[in-house]
Amino acid sequence: MEDQVLLGFIAIAIGVAFGILLFVPFVAISYRRRGRLGLGRTLLWLSALIYFWAIWTYTLLPLPDPDAIRCVGAITDPMSVVRDVQKAFAAPGNPLRHPALLQLAFNVLLFLPLGVFVRVLAGRGIAVALVSGLGLSLLVETTQLTGVWGLYPCAYRFFDVGDLMTNTLGAVLGCVLALVVPRSRRGSKTSADADLPRPVTRGRRALAMVCDALAYGFLSTGAGVTVQVWLEFVVVDRAAVIDGSLASTVGTVVPSALFLILILVGGRSIGDIAVQLRYTGSRLPLPLARILRWAGGIGGLSALALLGGLFGAASSLLVLVAIVMLFTTRLGRGLPGVLSGQHLVDARADAGLRQS
């Protein structure tokens, strides 16, 4: 039981990690296809990520000690499912508690969510659910048959045609059950009102700030790791790797410079682009207003820390000020808006005005 709980936590942790990694593009796609980010659909996609990893953790983990495995064969008789059911009902006691019947039920239930995701997220029907269920189950069973693709000298778990059948049945049943979801909420097609401007709210601005922070963090980490790898394997300077100051500096300069370029050229940060927001309307010259907008965002505040000393402390303090100003300024325009003298608009409305 403890192992099953641990595997569940592993699946959740990996699913959430991938969800964070994919969050910014997911937000951008949602705003362009549906005009907004819906909580229900976001949670459903996160559930799909966790489900995908749960399939693998529950079917493959924990990996056994190679010296302790027992080689097994394959069950290729499709009638084994029928015999398992007959065995359950022929045995004394409640057949619903028989291990063979419980295993069959678990195989069906395990793939029910897949059918739901096929119907609701992909907008596909029973045929796609059947192929998806069979394909995913075949991949899992083949992984077991090949000893995790050669990691082990032989299969230590059974390849079972009965599992293929019951898994596929589960996916089909899940797709049928998902018919209760209204048609308007299924699929990933672009909504008719996706291009219409929507109200600018503090929540939307907060979402842009989250996207900026995530994008900055990924860019910073990528740049820093690249420098460390370069120092380790190209320059072969172990002392510089241990010191880490060059990686830290590059990890700040690269994302800050990229944010500056994006804002100077287009007037929007990565988060603004994702949620379809734009800062506009300053009395200052446009280049100066955009530089100040950058200075009040994560790119500028992080770059300030490079100066060290009091500037480093001021950078941390200004980050807190920026968060507070999200809730105290009109429409959450925050520190970037105050410094630049700009206000927030929906980028789709702004695009329409500029076209006119």
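Trainee: Where is tryptophan 45 placed?

Mentor: In helix α3, which covers residues 39-60. Keep in mind that this is a predicted model.

Trainee: Is tryptophan 45 buried, exposed or partly exposed?

Mentor: Partly exposed: tryptophan 45 has a relative accessible area of 35%. Buried would need under 20% and exposed over 50%, so at 35% tryptophan 45 falls in between.

Trainee: And which residues is tryptophan 45 in contact with, leaving aside its neighbours within four places in sequence?

Trainee: OK, switching to the inside. Which residues touch the most other members in the largest nonpolar core?

Mentor: That core has 20 residues, and the ones you want are Val27, Leu207, Cys211, Phe259, Ala274 and Val275. At least two residues each come from α2 (23-33), α9 (202-235), α11, α12 (270-275) and β3 (277-280).

Trainee: What does cysteine 211 touch, not counting residues up to four places away in sequence?

Mentor: Phe23, Val24, Val27, Gly271 and Ala274. There's also another core lying apart from the largest one, with 16 residues, including Ala48, Phe117, Leu121 and Leu136. Leu121 is one of the contacts of tryptophan 45, too.

Trainee: New topic, cavities. How many of 30 Å³ or more does a search of the whole structure find?

Mentor: One. The volume of the largest cavity is about 40 Å³.

Trainee: What lines the largest cavity?

Mentor: Asp212, Phe259, Ile263, Ser269, Arg293, Trp294, Gly297, Ile298 and Gly299. Two or more lining residues come from each of α11 (245-266), α13 (286-295) and α14 (298-304). By class, the lining has four nonpolar, three polar and two charged residues. Phe259 is in that lining and also belongs to the largest nonpolar core.

Trainee: Zooming out, how many helices and strands are there in the protein chain?

Mentor: There are 17 helices and four strands.

Trainee: Why call the chain more spread out than a compact globule?

Mentor: Because its radius of gyration is 27 Å, well over the 21 Å that the globule rule gives for 356 residues. The C-alpha atoms fill a box of roughly 85 × 55 × 35 Å along the principal axes.

Trainee: And what share of the residues counts as buried?

Mentor: 40% of the 356. On contacts between residues at least 6 apart in sequence, 73% join residues at least 24 apart.

Note on methods:
Residues are numbered from 1 along each chain as its sequence is written. This is a predicted model: local features need pLDDT of at least 70, side-chain atom pairs count only at pLDDT 80 or more; totals for chains, interfaces and linings use all residues. Side-chain values use heavy atoms; hydrogens and water are left out. On a 1 Å grid over the protein atoms alone, a cavity is a set of points where a 1.4 Å probe fits but cannot get out, and a pocket is an open set with protein on both sides within 12 Å along at least five of seven lines; lining residues have an atom within 4 Å of a point. Grid points are joined across faces, edges and corners, and a volume is the space filled by probe spheres set on the points. Ala, Val, Leu, Ile, Met, Phe, Trp, Tyr, Cys and Pro count as nonpolar, Asp, Glu, Lys and Arg as charged, and the others, Gly among them, as polar. Buried means under 20% relative accessible area, exposed over 50%, partly exposed in between (1.4 Å probe, protein chains only). Contact means heavy atoms within 4.5 Å. A nonpolar core is a set of buried Ala, Val, Leu, Ile, Met, Phe, Trp, Tyr and Cys residues joined through side-chain atoms within 4.5 Å. The radius of gyration is taken over C-alpha atoms; the globule rule is 2.2 Å times the number of residues to the power 0.38.
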